[in-house]
Amino acid sequence: MNTDKITALYCRLSQDDMLQGESNSITNQKNILLKYAEDNGFKNTQFYVDDGFSGTTFDRPDFTRMIADMENGKIGIIITKDLSRLGRDYLKTGQYIEMIFPDYDVRYIAINDSVDTTKSENELMAFKNIFNDWYARDTSKKIRAVFKAKGMSGKHLSVPIYGYKKSETDKNLWVIDEEAATVVKEIFKLCIDGYGPTQIARILTEQGVPTPTAYARANNKNSGHYNAKIHRWGEQTIQNILEKAEYAGHTVNFRTHTKSYKNKKRVENSKEDWLIFENTHEAIISQQDFDLVQELRSNKRKVQKCGEINPFSGIVYCADCGKKMYLCRSKSLNSDQEHLKCSSYAADKDECTAHFIRTAVLKEIVIGEISKVLGEAHSSEEKFIQSATEMATSHQFSELKKAKKTLGISEKRIAELDRLFIRLYEDNVSGKISDERFEQLSKGYDDEQEKLKTLITELAVFIEKTEQKTADTTEFIRIVKKYERITELTPELMHELIEKIVVYAPDKSSGHREQKIEIYFRFKVAISVAVADSRVYDKKRKAA
């Protein structure tokens with residue numbers, strides 16, 4: 001035996017092993033291994049310790065370091081307390097013991113299992129490795145069952161996310177971490193103000209705000225990948241924060257799952273499989289602001305080349321085709337010539353009409369209509385709340401009635417298509433129609449049915465959301481109180497007060513161009529109808 005080489009004393013402890021008490025503790029393993037080495041005259045001992053790592057994976061820091069030392073010829077003997085400390089994957093454990101270790105002339109000893117690769121009495125080793133693997137599988141099943149029961153009960157399945165910390169009195173309760181929560185609030189505010197994740201990340205980096213990983217490490221917490229960039233905020237980090245419903249006070253369980261007890265890589269679950277428990281802890285972000293941010297994120301706004309964000313981005317729609325209108329801006333157009341144009345017509349001239357509206361004209365109308373609503377809300381809050389509640393109820397009933405009618409017609413048509421397909425099949429079998437004709441007609445029926453099924457799914461979601469949503473006029477009043485007088489439109493103002501703007505095609509029957517505009521305020525509290533007349537705007541501008 002070459003005494004110059006290291007005698008590696010390898011210890012491993014997983015979270016599951018900790019439940020078994022002191023017998024598998026790192027301290028106990030070290031004592032057993034060191035005594036065995038001393039009793040048997042093994043010199044030059046060195047510990048390799050992986051604390052908190054499962055035996056089903058071999059991607060462990062100190063195990064990897066030990067193998068690297070072995071490959072560099074530094075190790076002569078590897079000793080573990082038992083076979084399960086080396087690993088619980090019987091295939092890989094057997095490969096290391098019977099193939100890899102011998103290739104590097106390394107002797108392996110598992111003390112409690114009486115395994116020593118320099119001796120021949122290892123016939124039961126393969127069975128012991130299989131039993132260790134089965135133990136890991138059985139333990140995993142039990143833990144999954146406990147994990148599922150905990151998740152189904154509404155308890156958090158993860159450690160507190162950035163902005164929260166564990167309660168000192170109840171480890172299952174999340175409480176607000178004020179310092180980190182301030183940053184979370186700023187991120188949501190910047191998003192409402194019109195900034196995207198990349199811009200927000202740049203702003204926080206320039207301000208020197210610690211990233212979540214840097215903040216956790218500064219507070220002696222293990223967080224993030226060891227390779228994480230702790231001095232620069234990333235776009236993905238901002239996106240993850242903006243999407244987490246936990247900041248609105250809810251618990252979201254079963255976002256991810258692992259493929260098996262051996263493959264620990266986490267896989268995203270579809271949102272339908274998530275389990276959400278509302279109002280389980282104190283919110284950092286109000287539900288209204290969180291919903292607003294999700295809506296803004298679904299209608300991503302581009303920063304124009306001039307550095308400005310179009311306040312109408314994502315909320316102006318064409319009345320004829322229902323598609324969004326987009327901003328047309330270039331160096332050749334001055335501010336009075338910039339306009340919003342129907343996206344359907346731009347893509348295909350046969351899909352819609354070539355109508356547009358100048359942004360300067362639309363801005364003046366919207367400022368005027370917002371000012372009217374703010375005036376009504378400020379002058380008589382009680383009367384405004386009553387009127388807004390009636391408006392919201394009426395609008396909601398109308399939308400629901402229309403959606404339910406369309407849903408009923410679609411479901412009826414799907415049933416009719418099923419009957420037509422059966423009749424078509426019978427005609428094909430009897431020879432009344434050719435195979436080619438059958439293929440053509442059946443494909444048409446299939447396509448129509450698929451479109452109807454998609455529509456039904458969308459309608460069902462819309463109906464469910466609409467029935468759950470009530471007019472929150474109190475919240476609208478709270479937002480209104482922030483604004484006394486409106487002189488300029490900002491993305492924050494627009495998206496806090498307005499849900500959408502519908503622009504109609506121009507009417508030239510009176511001899512000049514007029515356009516009907518509908519402005520739908522948030523929470524369905526009001527709908528303003530105005531007429532855009534470019535002549536009126538141009539006269540005002542010249543007079544000014």
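Me: Why is Glu 518 called buried?
Reply: Glu 518 has a relative accessible area of 11%, and a residue counts as buried under 20%, as exposed over 50%, and as partly exposed in between (1.4 Å probe, protein chains only); Glu 518 is therefore buried. The model is predicted, so local features need pLDDT of at least 70 and side-chain atom pairs count only at pLDDT 80 or more, while totals for chains, interfaces and linings use all residues. Residues are numbered from 1 along each chain as its sequence is written, and side-chain values use heavy atoms, with hydrogens and water left out.

Me: What makes the pair of Lys 516 and Glu 518 a salt bridge?
Reply: The closest N and O atoms of Lys 516 and Glu 518 are 3.6 Å apart, and a salt bridge asks for a side-chain nitrogen of Lys or Arg within 4 Å of a carboxyl oxygen of Asp or Glu, so the pair qualifies. Lys 516 itself, at 36% relative accessibility, counts as partly exposed.

Me: How do you know that Asp 447 and Lys 443 are separated by about one helical turn?
Reply: They stand four residues apart in helix H15, which is why about one helical turn separates them; helices are DSSP runs (H or I, at least four residues), as strands are (E, at least two), numbered from the N terminus. Asp 447 and Lys 443 also form a salt bridge, with the closest N and O atoms 3.1 Å apart. Lys 443 counts as exposed because its relative accessibility is 51%, whereas Asp 447, at 36%, is partly exposed.

Me: Where do Glu 369 and Lys 372 stand relative to each other in helix H13?
Reply: In helix H13 (residues 359-379) they are three residues apart, and therefore separated by about one helical turn.

Me: How many salt bridges does a search of the whole structure find?
Reply: The search finds eleven. Lys 81, Asp 82 and Arg 85 are linked in a network of salt bridges.

Me: What is the place of Glu 450, and how exposed is this residue?
Reply: Glu 450 lies in helix H15 (residues 435-468), and because its relative accessibility is 48%, it counts as partly exposed.

Me: How many helices and strands are in the chain?
Reply: The chain has 18 helices and 18 strands, and buried residues make up 41% of its 544 residues.
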